[in-house]
Structure formats: C-alpha cells, structure tokens
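I opened a notebook for this structure and wrote down each thing as I looked it up. The entries follow in that order.

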Amino acid sequence: DRILLYAAIQYLSTKEVLALFHSLVRWLKPHGLLYVGDIPDKQRLWNFYNTEARRATYFENLAQGKDIVGTWFEPIWLQHLGRFVGFSDVRIIYQPEYMIYNHYRFEAVLEK
C-alpha cells in the first residue's frame, strides 16, 4: 500500500514529524511506500530568502517565533529519521527544473 503526504510536512514541528512517521511506518504493509513531497530544504533556505527584503522578513518572523514557510528539513535528517522509525529504504529526490519550487524543495520516498 501507499501513503502520500504532499506539501504538508512543513506545517509540523520536527517532534510532530517524528511521531507521525512512527505511525505511518506501522500503518504500511511490508514494502509499502510513503511519498513525502514538496519539502522545504534547509540546505537551500537562502535560495528562497534571496533578497534583502525576504531576508529581513525571515529574521523578523524568526524573532516572533514563526516562519512564513514553516519547518525546513535537511535531506539527511529525513533519511536518518526514516531509518530510525523502521523504514528499510529512504530515497531523496530533487524536484525537476520545470517545478516552480525546485530551487528550495525536495521529495522523499520511504519504503517499509
């Protein structure tokens, strides 16, 4: 079976993602797939905040404890999390150039 989580993970904290992934791996049958798409890439954060005005907004929101995009994730963090909760394989996929957010987002496929 398969689970699709698209353009949603950024609205969760890392603690919430950990709890969710624990549940998702339990719900999947052996060799089931979890597809997580449109994940903000922390390594490419400055590709999004690419002007002085955007960087100012970033730091102003940070001072208030919020981010206009939400939680940013490092691909390696997601790989380690996937293995930790019990997925046998975690593949990171970088979005193709024709996708409008490819300069700061990625996808992941996790197999139980």
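Entry 1, terms and source. I count a salt bridge where a side-chain nitrogen of Lys or Arg lies within 4 Å of a carboxyl oxygen of Asp or Glu. The model is predicted, so I note its limits: local features need pLDDT of at least 70, side-chain atom pairs count only at pLDDT 80 or more, and totals for chains, interfaces and linings use all residues. Residues are numbered from 1 along each chain as its sequence is written, and side-chain values use heavy atoms, with hydrogens and water left out.

Helices here are DSSP runs of H or I with at least four residues, strands are runs of E with at least two, and both are numbered from the N terminus.

I then looked up accessibility, where buried means under 20% relative accessible area, exposed means over 50%, and partly exposed lies in between (1.4 Å probe, protein chains only). Glu52 is exposed, at 61%, and Arg55 is partly exposed, at 25%.

Another salt bridge joins Arg91 and Asp89, with the closest N and O atoms 3.0 Å apart. Here Arg91 is partly exposed at 39%, and Asp89 is partly exposed at 25%.

Which side chain does that of Asp38 meet in a salt bridge? I found Arg105, at 3.7 Å from N to O. Asp38 lies in strand S2 and Arg105 in strand S4, so this pair ties together parts that are 67 residues apart in sequence. Both Asp38 and Arg105 are buried, and the relative accessible area of Asp38 is 10%. I also checked the backbone of Asp38: its phi is near 60 degrees, a positive value in a residue other than glycine.

Entry 4, the sheet. I traced an open sheet of 4 strands in the order S1-S2-S4-S3, with mixed pairing; two strands pair if DSSP finds at least two bridges between them. The edge strands are S1 and S3 (89-94), each of which pairs on one side only. Neighbouring strands of this sheet are turned by 15 degrees against each other on average, direction ignored. For such angles, axes are lines fitted to C-alpha atoms, for helices over the stretch in contact, and the angles run from 0 to 180 degrees between N-to-C directions.

I went through the pairs of S2. Strand S1 (residues 2-6) runs parallel to S2 and is joined to it by 5 bridges. On S2, Leu33 is the bridge partner of Arg2, and Gly37 is that of Tyr6. With strand S4 (residues 105-111), S2 pairs in the antiparallel sense over 6 bridges; there Ile39 has Phe106 as its bridge partner.

Is S2 (residues 33-40) largely enclosed or open? I found 6 of its 8 residues buried, so S2 is largely enclosed by the rest of the structure.

S1, helix H1 (residues 14-27) and S2 make a right-handed β-α-β unit; right-handed means that, with the strands pointing away from the viewer, the path from the first strand over the helix to the second runs clockwise. In the loop between H1 and S2 I found His31. His31 has a positive phi of about 70 degrees although it is not a glycine, and it is exposed at 60%.

H4 (residues 75-85) lies across S2, S3 and S4, and runs at about 160 degrees to S3. Its buried residues are Pro75, Leu78, Leu81, Gly82 and Val85. They cover an arc of only 125 degrees around the axis, which puts them on the same side of H4; the arc is that of the directions from the helix axis to the C-beta atoms. The buried residues of H4 pack against H1, S2, S3 and S4, with contact meaning heavy atoms within 4.5 Å. The face turned away from the buried side of H4 carries the exposed residues His80 and Phe84. After H4 comes Gly86, with a positive phi near 120 degrees.
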